[in-house]
Structure formats: structure tokens, C-alpha cells
Amino acid sequence: MIQTEGSNSDVHWARVRGVLRSEFGDAAFRSWLKPIALKDVANGKVVLSVGTNFMRDWIRSHYLDRIQDIWTHEDPSVRSVDVIVLQNPPSIPAESPARPSTNSRGGTMPAEGPTTAEQPVHDGHPTPLDPRLTFENFITGKPNEFAYAAARRVAESPTVPFNPLFLHGGVGLGKTHLMHAIAWHIRKRQPERRVLYLSAEKFMYELIRAIRFKDMMHFKDRFRSVDVLMIDDVQFFAGKDTTQEEFFHTFNALVDQNHQVVVSADKSPSDIEGLEERLRSRMGWGLVADIHPTTYELRVSILQAKAESIGTKIERGVLEFLARRITSNVRELEGALNRVVYHAALVGRDISIETVKEVLSDVLRANDRKVTIEDIQKAVARHFNVRISDMHSARRARAVARPRQVAMFLSKQLTTRSLPEIGRRFGGRDHTTVMHAVKTVERLCAEDVGFAEDVEVIKRSLEG
Ligand code: ADP
Ligand code: MG
């Protein structure tokens with residue numbers, strides 16, 4: 001194995017983790033070992049960090065000796081290993097985000113007391129707020145600056161600036177991040193305000209329990225006595241009438257008392273189907289702020305910030321490559337970066353664009369731009385210098401029929417459309433005609449190198 005200069009301790013740490021995983025098994029590794037971050041290595045002393053006292057004590061009593069043995073074996077200059085608590089542990093490179101999803105969890109969050117990201121959740125116990133989801137760690141750019149500013153206003157203002165704050169945007173674009181950030185901020189600056197953050201799913205779950213155990217008084221009391229209520233992913237309420245009804249009353253009770261409500265959804269209030277009209281319109285009364293899909297610039301900034309927080313140096317060219325190719329959302333971008341860093345540390349090689357292509361071939365394929373039949377028709381017409389209308393026309397002259405066949409062939413290869421669908425898009429032709437075209441082009445490609453090159457060139461221009 002080749003080692004890179006400067007990142008030796010990362011490499012050792014990756015190897016130690018590999019050994020731990022094989023020794024203790026996947027389950028233990030995920031629960032206890034994966035959340036550990038490497039804080040520092042100096043003068044033969046390794047310092048690891050975790051998010052809570054509980055985690056620290058557990059690791060000290062169960063794993064630390066073994067970690068030290070393995071480490072000393074990897075690097076004889078290391079004489080001691082300790083683990084400390086950091087409120088805000090650096091992100092851990094991992095194959096998938098190490099943090100548990102907060103979407104399906106929820107619970108009360110008292111203004112004081114231990115609330116940690118890694119605590120197991122039981123009903124009525126604090127919601128784990130992820131220590132990484134703060135305003136400081138939220139990178140802003142054109143697509144999210146409005147939502148960010150609105151969230152900050154709600155978090156910083158001692159009064160209620162608008163009610164409710166409705167955050168919406170596609171999956172993985174930072175809605176939950178902003179909600180946690182609001183909760184953290186209020187908790188720190190105005191600890192007397194009681195904040196309750198939970199997912200819409202959890203709200204429903206608690207309601208059903210309250211109904212089943214005839215405990216509605218307690219339920220109402222609990223949700224109506226908070227100063228700030230935050231419900232994540234309210235599109236989940238669609239079609240769930242009882243839950244909507246109760247949420248509507250909770251919502252009104254809070255707004256009437258001038259208590260802050262923050263909700264998030266994957267669509268704007270008017271676009272969520274299956275919501276009662278009165279709830280839909282009520283939710284749009286305050287400030288509706290949307291988060292748009294990321295831009296290239298924002299993706300580069302986010303990658304830079306994440307790479308820095310992981311503590312790995314990655315060439316700008318590599319970050320730019322990732323930002324250009326992974327366009328779906330921030331969650332996927334983060335996951336991709338983590339995979340690359342983890343892989344590089346594990347095999348002890350520098351991170352190059354080649355490495356990235358290798359490690360992320362599946363993600364990169366999935367993020368490839370979707371080619372449409374229109375794109376194909378246009379590209380083929382341009383290449384063979386025929387009109388786009390010839391793609392649909394009944395003309396059978398070879399000069400137009402051949403390009404048309406190429407376009408049908410590429411439609412089959414590059415899109416997921418069926419033969420009949422493709423036929424319809426070429427002037428309503430039959431699927432057997434498309435099949436014939438595909439076979440013909442395949443045969444010609446095999447027989448005629450020049451023709452095969454033509455097809456290849458068009459294909460490249462479409463995939464570029
Ligand atoms: P959503 O709730 O909209 O589906 P999340 O808030 O869970 O998305 O975000 C997905 C991941 O992307 C999280 O790890 C989050 O920290 C990260 N993320 C999203 N937007 C940003 C941003 N602007 N800056 C930094 N990290 C971000
Ligand atoms: Mg979310």
C-alpha cells in the first residue's frame with residue numbers, strides 16, 4: 001500500500017476502523033465506533049472525539065484498550081489513545097452519512113438538560129438534535145439565502161416575526177438542517193423558551209397513541225404549551241384527516257397565543273395535495289420561503305466547507321468535478337464526498353478525478369443528464385444536415401430515412417422509452433418499424449466503420 005504524506009494519521013485511523021469493524025461486527029461498529037472522530041495526533045498521543053459523555057464512557061470501558069493496541073500495531077510511535085467529548089464533532093467520512101435520519105424521529109426537546117444526537121429515542125424523551133446542523137455549518141448561496149435569512153430571523157428574534165414560517169423545497173436541500181439550526185440557536189440564546197421539534201410522522205404517531213390510551217388532555221397540553229413548535233415534512237399529513245384536524249387546532253391555538261410555529265414540506269402549501277383547504281390556506285399566512293435546487297457555485301462552496309471540516313485536503317479540480325457531476329441534492333453530494341474521502345484514506349492514495357470516477361461510478365451514472373427523444377432528433381438532424389421535421393415525416397428517401405433510423409436507435413439506447421412510445425414520437429410509426437431501425441443500425445455499425453463513427457459522435461455529443 002502506498003502512503004501519502006501528511007495524511008498518515010487519517011490512513012492509520014481508517015485502518016484501525018477497518019480492523020475494529022471486522023472484530024466487533026457491523027452492528028457494534030455502526031452504533032459505537034463509526035460515530036468516533038479523529039481529533040488530533042501529536043507526540044505519540046491520539047485524541048478521538050465523540051458527541052456525548054455517555055458515548056465517551058462506553059468507549060473507554062469497552063473499546064479503548066483494543067483501539068490502542070491496534071493503533072500501536074499500525075504506528076509504533078503512538079503510546080496512548082484517549083477519547084474526549086466535543087459538542088460539535090467533525091463530520092466522519094463514511095460510506096453513507098453516519099448520522100441517523102431525523103425524519104422519522106421526534107420528541108420533546110426541553111430547554112435544558114442533555115440532548116444529544118446519538119441518544120436512543122424513546123417516546124417522550126428528547127429529540128436528538130444533530131450537533132452538525134447549525135447555522136454556522138449551513139452554506140448559503142442564491143438558492144437558499146432567502147430561506148436561511150427567514151430561519152435566522154425566527155431564531156434570533158425575541159418575538160414572533162411571522163407565523164408560521166413555512167419552509168419548502170425538494171428532498172436533501174436543507175429543510176431539516178435549517179429547522180435544527182433554529183432549535184439550536186434558540187436553545188442557546190433564549191433557553192427559557194420551550195422548543196419542540198418533531199416530524200409530522202411522529203406527531204401522528206403520538207396522536208394515535210393519545211387516542212388509544214385516552215390521553216388527549218395530556219397530548220393537547222403538551223403541544224399547546226410550547227413557545228416554538230416545529231413540524232418537519234408536513235406533506236406527510238396529506239390524506240390523514242384526523243391528524244390534520246388535530247394539527248389544525250394545535251396550530252391555531254399556538255398562533256392565537258402568539259407562539260411561533262415553523263413547518264417544512266417538500267412543496268408549497270398550495271401544491272400539497274390531500275390537505276384540507278383551511279389548513280392549506282392557514283399555513284400560507286405567514287412567511288413561505290422556498291429552497292431552490294442547488295447551483296454549481298453553491299455545490300462547490302458546500303464541498304469546500306465539508307472537505308475542510310473533515311480535515312482532508314482535496315484539490316479544487318476534484319471538488320469542481322464532483323460539483324459538476326452530482327447535481328441532485330446536497331445529501332447526495334455529501335454522501336459522495338464522504339465515500340471518496342473514506343476510500344482514499346483506506347487505500348492510502350491521493351484523491352484524484354480518476355479515483356472519484358472509480359469510487360462513484362454508480363452515483364455518477366445516476367446523476368447523468370437525462371437525454372430526451374427531442375434532444376436526439378435535434379442532434380441527429382444537425383449531424384446529417386436534415387430537417388427536424390424529417391424525423392416525423394413519411395418520406396422514405398434514404399437521405400432522410402437513414403438519419404431517422406439512427407435517431408430511433410439512439411432513442412432506444414439512451415432513453416428508457418418503449419418501442420411503441422418511440423414509434424409514436426417519430427410520426428406515429430409502428431413499434432416494428434422501430435425494431436427494424438434498431439436492427440438495421442446495429443448491422444450497419446458492424447459493417448461500416450465510418451457509419452459506426454457517425455453514430456458514436458452523435459452519442460457523445462448527447463452524453464457530454
Ligand atoms: P431536507 O430536510 O431538505 O431533505 P436536509 O436538511 O436533511 O434536507 O439536508 C440533507 C443534508 O445536506 C444534510 O446533511 C445537511 O446538513 C446537508 N445540507 C443541505 N443544505 C446544506 C447547506 N446549504 N450547507 C451545508 N449542508 C447542507
Ligand atoms: Mg428533512
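**Note on the predicted model: ligand 1 and selected local features**

1. The shell around ligand 1 is made up of seven nonpolar, seven polar and five charged residues. In this count Ala, Val, Leu, Ile, Met, Phe, Trp, Tyr, Cys and Pro are nonpolar, Asp, Glu, Lys and Arg are charged, and the others, Gly among them, are polar. The model is predicted: local features need pLDDT of at least 70, side-chain atom pairs count only at pLDDT 80 or more, and totals for chains, interfaces and linings use all residues. Residues are numbered from 1 along each chain as its sequence is written, chains are lettered from A and ligands numbered from 1 in the order in which they are written, and side-chain values use heavy atoms, with hydrogens and water left out.

2. Ligand 1 is surrounded by 19 residues, the closest being Ile139, Gly172, Thr176, His177 and Glu334. A residue is near a molecule if one of its heavy atoms lies within 4 Å of it.

3. Helix H5 (175-189), helix H10 (296-310) and helix H12 (330-347) are the elements that give two or more residues to the shell around ligand 1. Helices (H or I, at least four residues) and strands (E, at least two) are DSSP runs, numbered from the N terminus. Ligand 1 lies between domain 2 (127-291) and domain 3 (296-366), because both give residues to its shell; the domain bounds come from an automatic or database domain assignment.

4. Helix H3 (residues 64-74) has Leu64, Ile67, Ile70 and Trp71 buried. Down the axis of H3 these buried residues fall within an arc of 130°, so they line one face of the helix; the arc is that of the directions from the helix axis to the C-beta atoms. Asp65 and His73, on the other side of H3, are exposed. Buried means under 20% relative accessible area, exposed over 50%, and partly exposed in between (1.4 Å probe, protein chains only). An α-helix has 3.6 residues a turn, so residues three or four places apart point the same way.

5. Glu206 is part of helix H6 (residues 200-212) and is buried, at 6% relative accessibility. Its side chain makes a polar contact of 2.2 Å with that of Arg222. A polar contact is a pair of N or O atoms within 3.5 Å; within protein, one must be able to donate a hydrogen and the other to accept it, and residues adjacent in sequence count only if both atoms are side-chain atoms.

6. Lys214 sits in the loop between H6 and helix H7 (216-224) and is exposed, at 76% relative accessibility. Asp233 sits in the loop between strand S7 (228-232) and helix H8 (241-256) and is buried, at 16%.

7. The peptide bond between Asn163 and Pro164 is cis, with omega about -5°. Pro164 belongs to the loop between helix H4 (145-156) and strand S5 (165-169).
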